[in-house]
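Subject: Structure for you to look at

Hi there,

Here is the structure I promised to pass on. Have a look at it first, and then read on for what turned up in it.

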Amino acid sequence: MARGTNANGQASKASQSSGRTGAVDRVEAPAKVQVSAKLQTPRLSVRDQTLDTLRRRIISLQLPPGEALSENELAQELGVSRTPVRESLILLREEGLVQVFPQIGSFVSLVDLSRVSEAQFVREAIECASLADISVDAQGIAGLRKILAAQSEADAHGDMDEFFRLDEDFHRELLRLAGHESAWAAVNSAKAHLDRARRMSLIDARPVSTLIEQHTAVVDALEANNLTDADKSLRSHLRAVFEDVKRIQAATPELFSDGTAKPTRRSIARLG
């Protein structure tokens, strides 16, 4: 995992304690550089692969809120030059995921609750509106329950990355069954800040089993052809993140932005 440095070249301790997902990703590079097979995507430029890797690390909390970012160290770790790293950080700054402070350095942005709220609004509006068009037969219900079973298995193995992926699959499948799968792109592009909050919730605030129960309530209502209850259950599920974030903010306020404070190098280890 990359370790950022401050203006004096000191290594940040945050990333030392936030490595929850195992091996480090590497981006595609010239032949002399060993590249992780799962990221060998020739159709993407080195810059795009670098951007994707850093973005995923920020969203997954591998690079936690307030983490210092060193272009040199990231470039060395990913096996690329500083240029794609610098360009990626600029794009991530435009997304609000990275902040740059002159004479201090670049940092992973603190969690901005206003951005979380905006992303939640977009997601709820699209996903709940799509339920009005949903038509689920026995095969569709079976598909949803298969995802739920896989979620339970991921929970049993303590695999949060896999559960998060399956959670995405569940919500995308609801849109597909309603004939609005293409709307997932709009949901996905709006929810980077929300995803960080959801990850924090999974680490500290809410048992995964509770989320699976909420998913199950949606599926049960759909199987009973009760769209009113399905809508109610889905809205309640999507809004639960706000309660979780409030508890996390009370315990670790340094991870959240108040609009003026500069990020700290505090680790998210307290969330574990």
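Helices (H or I, at least four residues) and strands (E, at least two) are DSSP runs, numbered from the N terminus. Please keep in mind that this is a predicted model, in which local features need pLDDT of at least 70 and side-chain atom pairs count only at pLDDT 80 or more, while totals for chains, interfaces and linings use all residues. Residues are numbered from 1 along each chain as its sequence is written, and side-chain values use heavy atoms, with hydrogens and water left out.

First, the overall picture. The protein chain has 10 helices and 3 strands. Read from the N terminus, its elements follow the order α-β-α-α-β-β-α-α-α-α-α-α-α. Of its 272 residues, 47% count as buried, where buried means under 20% relative accessible area, exposed over 50%, and partly exposed in between (1.4 Å probe, protein chains only). Contact means heavy atoms within 4.5 Å. Among contacts between residues at least 6 apart in sequence, 71% join residues at least 24 apart.

Now to the helix packing. Axes here are lines fitted to C-alpha atoms, for helices over the stretch in contact, and angles run from 0 to 180 degrees between N-to-C directions. Angles under 35 degrees count as roughly parallel, over 145 as roughly antiparallel, 65 to 115 as roughly perpendicular and the rest as oblique. A crossing is left-handed if the near helix is turned anticlockwise from the far one by less than a right angle, and right-handed if clockwise.

Helix H1 (residues 46-59) packs on helix H3 (residues 82-94) at an angle of about 55°, and their axes are 9 Å apart. That makes H1 oblique to H3. Their crossing is right-handed. On the H1 side, Val 46, Arg 47, Thr 50, Leu 51, Leu 54, Arg 55 and Ile 58 take part, and they meet Pro 84, Val 85, Glu 87, Ser 88, Leu 89, Leu 91 and Leu 92 of H3. By class, the residues of this contact of H1 with H3 are 9 nonpolar, 2 polar and 3 charged; Ala, Val, Leu, Ile, Met, Phe, Trp, Tyr, Cys and Pro count as nonpolar, Asp, Glu, Lys and Arg as charged, and the others, Gly among them, as polar.

H3 also packs with helix H2 (residues 71-78), here at an angle of about 120° and with the axes 9 Å apart. That makes H2 oblique to H3. The crossing of H2 and H3 is right-handed. Glu 71, Asn 72, Leu 74 and Ala 75 of H2 make the contact with Arg 82, Val 85, Arg 86 and Leu 89 of H3. The contact of H2 with H3 divides into 4 nonpolar, 1 polar and 3 charged residues.

What order do the strands take in the sheet? The 3 strands form an open sheet in the order S1-S3-S2, with antiparallel pairing. Two strands pair if DSSP finds at least two bridges between them. Strand S1 (68-69) and strand S2 (98-101) are the edge strands, each pairing on one side only. S1 and S3 are joined in the antiparallel sense over 2 bridges, with Leu 69 opposite Ser 106 in S3. S2 and strand S3 (residues 105-108) pair over 4 bridges, again in the antiparallel sense. In that pairing, Val 100 stands opposite Ser 106, and Val 98 has Val 108 as its bridge partner.

Most residues other than glycine have a negative phi. Gln 103, however, takes a positive phi near 70° in the hairpin of S2 and S3, which has 3 residues between the strands. Gln 103 is exposed, with a relative accessible area of 78%. Asn 225, in the loop between helix H9 (208-223) and helix H10 (227-251), also has a positive phi, of about 60°, although it is not a glycine. Its relative accessibility is 65%, so Asn 225 counts as exposed.

Enjoy exploring it!

Best wishes
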